[in-house]
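Open the structure in your viewer and keep the sequence panel beside it. Each stop below says what to select and what to look for there.

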Amino acid sequence: MEDLKKSLKMPLFGSTFSPKKIPPRKSASLSSLHTLDRSTREVELGLEYGPPVMNLGGQSWKFEDGQWISESGGNASGREVQRLKKRNIQLEEENNHLKLKIEILLDMLTETTVEYHLIEKEVEDIKTQHRRKK
């Protein structure tokens, strides 16, 4: 039984841990553009980089203000749609704000009406008590 226990024992700290050496990393960028001087980069890339533009399915798309906007086939309509979407969101927020104000005003009106009726009842009670005393 003792032999079985000894054979089943696993050394916790018996073996030493020695990790293999990691090979050095390759360069992060395979492009050599970062090594070029400014004038050479301007020749390679052009003077003005501008927003990114791409063609998909015969339509030209331009990246502006964090969104892709269609450039071909109704140049103004794509921008107009974006402007109308922004305006729609703005109007929905204003509408929600006004609905909230109406709810608050109705709550205030209800509270004032209840207070008025309570005061009116107190006045009637006082009048009734005063009449009884006479």
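Predicted model: local features only at pLDDT ≥ 70, side-chain atom pairs only at ≥ 80, totals over all residues.

Select Ile69. This residue counts as buried, because its relative accessibility is 9% and the cut-off for buried is under 20%. Ile69 is placed in strand E3, which covers residues 67–70.

Next, select Glu64. Which residues does Glu64 touch, leaving out those up to four places away in sequence? They are Ile69, the buried residue of the previous stop, and Arg79. Glu64 itself belongs to strand E2, residues 59–64. Now show its side chain together with that of Lys62: a polar contact of 3.3 Å joins the two.

Move on to helix H3 by selecting residues 75–133. Within this range, highlight residues 81–108, which an unreviewed UniProt entry lists as "coiled-coil region".

Is Met108 buried, partly exposed or exposed? It is partly exposed, because its relative accessible area is 48% and that class lies between the 20% and 50% cut-offs.

Finally, clear the selection and colour the whole chain by secondary structure. There are three helices and three strands, and along the sequence they follow the pattern α-α-β-β-β-α. Switch to the surface of the whole protein: the accessible area comes to about 13300 Å², and carbon and sulfur atoms account for 59% of it. How much of the protein counts as buried? Of its 134 residues, 5% do, and Ile69, where the tour began, counts as buried.

One last view concerns contacts along the chain. Among contacts in the protein with a separation of 6 or more, 0% are between residues 24 or more positions apart.

Definitions and conventions
Residues numbered from 1 in each chain as written. Heavy atoms only, no water. UniProt positions renumbered as here; feature names shortened; annotations may be inferred. Helix = DSSP H or I, 4+ residues; strand = E, 2+ residues; numbered from the N terminus. Polar contact = N/O pair within 3.5 Å; in protein donor to acceptor, adjacent residues only side chain to side chain. Contact = heavy atoms within 4.5 Å. Buried < 20%, exposed > 50% of the residue type's maximum accessible area, 1.4 Å probe, protein only. Areas by Shrake-Rupley, 256 points an atom, 1.4 Å probe, with all protein chains shown as cover.
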